[in-house]
Amino acid sequence: MGEMEQLRKEAESLKDEITAARKAVQDATLQDTVSGTVVVSRVQLKTRKTLRGHLAKIYAMHWSTDSKLCVSASQDGKLIVWDSYTTNKVNAIPLKSSWVMTCSYAPSGNMVACGGLDNMCSIYNLKAKDGNVKVMRELAAHTGYLSCCRFLSDAEIITSSGDCTCVLWDIETGTQKTVFAGHTGDCMSLAVPLDFKTFISGACDFTAKLWDIREGQCRQTFSGHESDINAIAFFPNGNAVITGSDDATCKLYDLRADQELITYQDSSIMCGVTSIAPSLSGRLILAGYDDFNCNIWDSLKAERVGVLAGHDNRVSCIGVTADGMACCTGSWDSFLKIWN
Amino acid sequence: MEELDETQLKFQVDSLKLQLQIPREKTSVSVPELVKWIEEKMAEDPFLNTEMMRDNPWVESGKCVVL
């Protein structure tokens, strides 16, 4: 047997052992555990604000930790920081490259970041002494598009890329600290939990991976989706992960038991999921779809309990504030809407 | 998804060995704990408690605001 053939067999055998280990701890299902639980009553959120100003498709948005300001990125070549209460634009930042695919707000509120087909992550300082917002760093090393970025602090940021890797960067020096390799398809999305010790990534290899940031290793791989995973988020308690895929479903994965718990799907939904976010308690999962809507799911009973309808094109991004008071959707129709 | 070369295959095998070793909790423990966490947090979830929306910063209270 050639070396490659032997390695392939070993990989398959290890995957079978992981499957068996998962089955061995599967002594209860989510469905059975909540069989006596009642579905939440219909959730009707209204559009409270429409943020108007972008001139082209919005690809990403991210709330500031203050639950008031948010940043959005559009292929009109701008990053806009909004005061969502008043709809005023706090900053309108022109980008060097208009092919932006992601943006992120630093937890401190001091910086925002973005990137896209330029394969770079650009960091902007919002609090410069002269009041002008300038590029602080350009993090370049990825050999593919930047699909997502999330700050760990003002000093570190994690990026995911079409080159199939995720990278932890030192913002001060502009260098790569760790490269997280293992996905065999474009990495599309990433999420960081409150303790900042791990992160999860979703990719075009149909899997989600949990990574140990300091060790630089993949701890867990979650399969089940039948197409690209476009969106991923941590459950509020950090013990579960939710994913959204081109296969028109969302899934809930239990990190402690290392397995899928449930799928959120409906035969009437045939288009891809673009974005996903849990409500404060995690009882509701809000997911944006290619069919211009956002569905609200009861996470425990896997039933649809609401719809956010109001955009005239694909919902590309969604985010719930840290205090759980509102949700923001961004769309290819160039508008952002605040709902609660 | 491209075919992996020998180095990538070795890397994948090593990664799978690590992933096999992680401790796994029984779902009869992790699932009820997850459900309990959610149910307790629901009382604080603004989307599930309309009275929390009485002070809604995104709704005009009717007064003029100095910007």
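Predicted model: local features only at pLDDT ≥ 70, side-chain atom pairs only at ≥ 80, totals over all residues.
Residues are numbered from 1 along each chain as its sequence is written, chains are lettered from A and ligands numbered from 1 in the order in which they are written, and side-chain values use heavy atoms, with hydrogens and water left out.

Chain A has two helices and 28 strands, where helices (H or I, at least four residues) and strands (E, at least two) are DSSP runs numbered from the N terminus. Its radius of gyration, taken over C-alpha atoms, is 20 Å, close to the 20 Å from the globule rule for 340 residues, so chain A is as compact as a globular protein of that length; that rule is 2.2 Å times the number of residues to the power 0.38.

How much of chain A is buried? Of its 340 residues, 60% count as buried, meaning under 20% relative accessible area with a 1.4 Å probe, protein chains only.

Now to the cores, each a set of buried Ala, Val, Leu, Ile, Met, Phe, Trp, Tyr and Cys residues joined through side-chain atoms within 4.5 Å. The largest has 58 residues, of which A:Leu30, A:Leu252 and A:Leu286 touch the most other members, and strand β23 (residues 284-289) of chain A gives the most to this core, with five residues. A second, separate core of 15 residues includes A:Ala60 and A:Cys103.

Notes:
Buried < 20%, exposed > 50% of the residue type's maximum accessible area, 1.4 Å probe, protein only.
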